[in-house]
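Thanks for coming, everyone. Please have a look at the chain on the screen, and then I'll walk you through it.

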Amino acid sequence: MRSRALLRTWHLVALLRHCGGLSLADLACRTGATTRTVRRDLAVLEECHIPIVKTEDGRWRIVKGAPCPVCALRHRDGAAGSLTTSRR
């Protein structure tokens, strides 16, 4: 279960980074989670100091130009690589 939650959270970070802002419902649909779960995941990201923001129109995104350690990881990096293989 934990690996599924971790993968969902990483997917959420990728969506927030690349989609320019998504509503809670869009994030839930794209991650296959409920809106309640996405809210909890967003709270965890905020607790981990991931620079996310909710815009005036209710969309969530990562703050442009803000340093984001998670965003700097690539698949070739050890942490990201181990996450992609943990689904087995």
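**One arginine, then the helices**

Let's start with Arg8. Leaving out residues up to four places away in sequence, Arg8 touches Thr31, Ala33, Thr37 and Asp41. Touching, or contact, means heavy atoms within 4.5 Å. Arg8 lies in helix α1. Is Arg8 buried or exposed? Its relative accessibility is 19%, so Arg8 counts as buried. The cut-offs are these: buried is under 20% relative accessible area, exposed is over 50%, and partly exposed is in between, with a 1.4 Å probe and protein chains only.

A word on the source. This is a predicted model, where local features need pLDDT of at least 70 and side-chain atom pairs count only at pLDDT 80 or more, while totals for chains, interfaces and linings use all residues. Residues are numbered from 1 along each chain as its sequence is written, and side-chain values use heavy atoms, with hydrogens and water left out.

Now the whole chain. The protein chain has 5 helices and 2 strands. Along the sequence, the pattern is α-α-α-β-β-α-α. Helices (H or I, at least four residues) and strands (E, at least two) are DSSP runs, numbered from the N terminus. Of the 88 residues, 31% count as buried.

Next, the helix pairs. The axes of α1 (residues 2–18) and α2 (residues 24–31) come within 10 Å and cross at roughly 130°. That makes α1 oblique to α2. Axes are lines fitted to C-alpha atoms, for helices over the stretch in contact, and angles run from 0 to 180 degrees between N-to-C directions. Under 35 degrees counts as roughly parallel, over 145 as roughly antiparallel, 65 to 115 as roughly perpendicular, and the rest as oblique. Which residues make the contact? From α1 come Arg8, His11, Leu12, Leu15 and Leu16, and from α2 come Leu27, Arg30 and Thr31. They divide into 4 nonpolar, 2 polar and 2 charged. Here Ala, Val, Leu, Ile, Met, Phe, Trp, Tyr, Cys and Pro count as nonpolar, Asp, Glu, Lys and Arg as charged, and the others, Gly among them, as polar.

On to α2 and α3. Their axes come within 9 Å and cross at roughly 100°. That makes α2 roughly perpendicular to α3. On the α2 side, the contact uses Leu24, Ala25, Leu27, Ala28 and Thr31. On the α3 side, it uses Thr35, Val38, Arg39 and Leu42. This contact divides into 6 nonpolar, 2 polar and 1 charged.

Now the core. The largest nonpolar core has 16 residues. Such a core is a set of buried Ala, Val, Leu, Ile, Met, Phe, Trp, Tyr and Cys residues joined through side-chain atoms within 4.5 Å. Among those with the most contacts inside it are Leu16, Leu27 and Val38. Helices α1, α2 and α3 (35–47) and strand β2 (60–62) each supply at least two residues. α1 gives the most, with 4 residues. In soluble globular proteins, nonpolar side chains tend to be buried together.

Last, a loop. Arg59 lies between β1 (52–54) and β2. At 34% relative accessibility, Arg59 counts as partly exposed. Arg59 and Leu16 are 43 residues apart in sequence, but 9.4 Å apart in space, C-alpha to C-alpha. Leaving aside neighbours within four places in sequence, Arg59 is in contact with residues including Gly21, Asp26 and Lys54.
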